[in-house]
Structure formats: structure tokens, C-alpha cells
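Hello,

Here is the structure I promised to pass on. Please open it and keep it beside this note as you read.

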Amino acid sequence: MTVDDDAAARIAAPRQPRHDGAVGGTLEKGLAVVQFVAERSDVTAGAVLDAFGLSRSATYRLLDRLRSGGYLQEGAVPGSFRLGPRMVVIGLAALNQMDLMHVAPPLLGPLAQSAGETVNLAVPQGDEMVYVYQHDGPSSIKVTARLGTRRPMNCTSLGKAYLAHLPAEELEERLRTLVYVRLTAGSLTTADTLRPELELTRRRGYAIDDVEVEDGVSCLGAPILDYRGRPVAALSIAGPAERMPDKRPAVVPLLLQAAAAVSNRLGYMT
């Protein structure tokens with residue numbers, strides 16, 4: 001399935017769960033509302049009321065309890081809500097308890113310094129890669145991706161590096177069901193165009209995003225494998241499109257070495 005440019009931003013956003021009002025007790029309602037807010041920017045009480053079918057009084061009572069507990073806070077738009085400071089603490093704690101987040105960061109700072117560009121670490125979620133770590137190098141430019149940003153797999157070097165190292169049958173199933181998003185004129189938006197790119201990526205060991213996500217930005221990506229040899233994350237180096245091609249001979253070995261080191265610490269043995 002191919003999504004046109006106008007729908008790209010909407011599709012690239014997190015998948016929205018259905019809220020049919022059949023949420024159980026207070027705890028379940030609170031968690032569901034927090035998730036609902038997390039998947040959007042500023043959310044009004046009216047939007048929560050419509051999504052969950054709660055009464056007006058119950059909606060405001062629940063939102064007030066979540067705000068007083070620090071799980072929500074007032075948004076930029078008057079009368080709206082966004083995630084609160086306590087959710088930052090919880091989110092960071094969850095990340096810190098992932099083995100990947102223990103072993104990868106100490107290796108990625110030196111990579112950013114050596115490559116001189118922005119280094120990204122991302123994990124798969126659905127048809128997207130979610131950025132969970134980022135380190136700027138001394139010559140980094142400002143890029144739109146930040147922690148928590150989601151990008152479609154078909155466009156990114158991160159996503160292509162991940163997909164290329166899936167088992168063959170699993171890859172074919174993913175290519176069949178993947179939501180193909182066009183973010184720039186260079187985005188690969190069909191299985192027939194993406195498949196040969198993934199085959200080349202697997203052979204050479206790294207993926208290329210040739211201005212496929214963001215105008216003026218090019219990336220190189222490599223997979224991170226677990227003890228089974230399965231991809232569980234991906235690592236990328238992002239920089240200006242005008243200088244990245246000339247830097248490939250120097251930065252590709254650094255990228256592959258860092259990805260291999262993280263994989264090794266996750267138990268992968270070549």
C-alpha cells in the first residue's frame with residue numbers, strides 16, 4: 001500500500017488504538033488516558049470525553065487526578081493536557097532497564113566524535129523505527145529527528161538496515177504488509193523498489209538513506225543483532241547530503257565497528 005505525500009505525516013505518527021469506552025476501573029481508565037495523550041500533542045478534555053465515552057464530570061475528575069499526580073500537565077493550548085514530568089521519569093526508567101540502553105550509549109558517543117555527525121539509535125515498533133538515543137558530533141547539523149521520534153521503515157537507513165537482516169520469509173511478509181510512506185521524492189514506496197535495496201543492504205552490511213526522509217539529510221545505517229542473530233535495533237550516522245557521500249569511506253567502517261560492538265555486548269557472536 002502506498003501513501004501519498006499529504007497523508008505521510010499522519011501515517012508516520014504512532015498507530016492510534018481504538019477507544020470504545022469499554023475501559024474498566026479507575027486504574028485502567030487512567031492508563032488508557034495517559035496513552036491517549038502520549039500518542040498526540042495537546043489533548044482537550046472534550047477529546048478524552050469523546051474517545052472514552054465518559055461523563056463530563058468523570059472526565060474532569062480523572063484528568064485532575066492525573067495532573068495532580070504529575071502524569072499530565074497543562075498544554076500550550078488553554079484547556080489542553082500533555083504528558084507531565086512524572087512520565088519523563090517513568091519513560092527514562094523503562095529505557096534504562098533495557099539491556100540495549102545499558103550497552104549501547106557508551107559506544108555511541110565516541111562514534112559521534114569520530115564521525116563528526118549525529119549518531120542515532122532506534123528500535124522497531126510496528127512499521128516504524130523509534131529513536132531512543134542520539135548523540136551529536138562536532139560537525140552535526142540540526143535534524144528533525146529527536147528522542148521519541150518515529151520514522152517509517154521504508155525510508156530510513158535505520159529501517160532498511162533492520163528489515164534487510166530479518167529472515168527471508170519474515171522479510172517477505174513484512175514487505176507485503178508494510179505501510180509505505182513517501183516523505184521526499186526519493187522515498188521507496190513499493191515492495192518492488194525496496195526489495196533490491198534491502199538485498200544490497202544485506203550484502204554490504206549497511207543501508208543508505210539518500211535524502212529519503214528529510215531534504216538535505218543523508219544517513220548510513222547498520223543493524224544491531226541479538227544473541228540469536230536477529231535484528232533488534234539499528235544504528236545510524238546522519239549528516240548533510242552534500243558531504244555524506246564523500247565521508248562514506250571513512251565513516252562506514254566506524255559505523256559497522258560500533259554496531260558490531262553493541263551486537264557483541266548483546267550476545268551476538270560472528
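Predicted model: local features only at pLDDT ≥ 70, side-chain atom pairs only at ≥ 80, totals over all residues.

Residues are numbered from 1 along each chain as its sequence is written, and side-chain values use heavy atoms, with hydrogens and water left out.

Overall picture

The protein chain has eleven helices and eleven strands. Both are DSSP runs numbered from the N terminus: helices are H or I with at least four residues, strands are E with at least two. The chain holds 270 residues, and 47% of them are buried. Buried means under 20% relative accessible area, exposed means over 50%, and partly exposed is in between (1.4 Å probe, protein chains only). Among contacts (heavy atoms within 4.5 Å) with a separation of 6 or more, 57% join residues 24 or more positions apart.

The core

A nonpolar core is a set of buried Ala, Val, Leu, Ile, Met, Phe, Trp, Tyr and Cys residues joined through side-chain atoms within 4.5 Å. The largest one has 31 residues. Leu100, Leu121, Leu220, Ile224, Leu235, Ile237 and Val262 touch the most other members. Two or more residues each come from helices H6 (99–103), H7 (105–115) and H11 (244–265), and from strands S5 (118–125), S6 (128–135), S10 (217–225) and S11 (231–240). H11 gives the most, with seven residues. A second, separate core has 20 residues, including Ala122, Ala161, Ala207 and Ala234.

Leu220 is worth a click. Leaving out residues up to four places away in sequence, its contacts include Tyr206, Ile208, Leu235, Ile237, Met244, Val251 and Leu255.

Helix pairs

How do H7 and H11 run relative to each other? Their axes come within 10 Å and cross at roughly 175°. Axes here are lines fitted to C-alpha atoms, for helices over the stretch in contact, and angles run from 0 to 180 degrees between N-to-C directions. Angles under 35 degrees count as roughly parallel, over 145 as roughly antiparallel, 65 to 115 as roughly perpendicular and the rest as oblique. H7 and H11 are therefore roughly antiparallel. Leu107, Leu111, Ser114 and Ala115 in H7 meet H11 residues including Val251, Leu255 and Val262. Ala, Val, Leu, Ile, Met, Phe, Trp, Tyr, Cys and Pro count as nonpolar, Asp, Glu, Lys and Arg as charged, and the others, Gly among them, as polar.

H8 (residues 157–164) is mostly covered, with eight of its eight residues buried. The axes of H8 and H10 (residues 191–204) come within 9 Å and cross at roughly 75°. That makes the two helices roughly perpendicular. Lys160, Ala161, Leu163 and Ala164 in H8 meet Leu194, Glu197, Leu198, Thr201 and Arg202 in H10. This contact has five nonpolar, one polar and three charged residues.

Single residues

Thr201 is buried at 0% relative accessible area. Among its contacts are Lys160, Ala161, His165 and Tyr206.

Val211 sits in the loop between strand S9 (207–210) and S10. Its phi is near 55°, a positive value in a residue other than glycine. Most residues other than glycine have a negative phi. Val211 is partly exposed at 21%.

Cys155 is buried at 0%, and Cys219 is buried at 10%. The count of disulfides (cysteine sulfur pairs within 2.5 Å) is zero.

Best wishes
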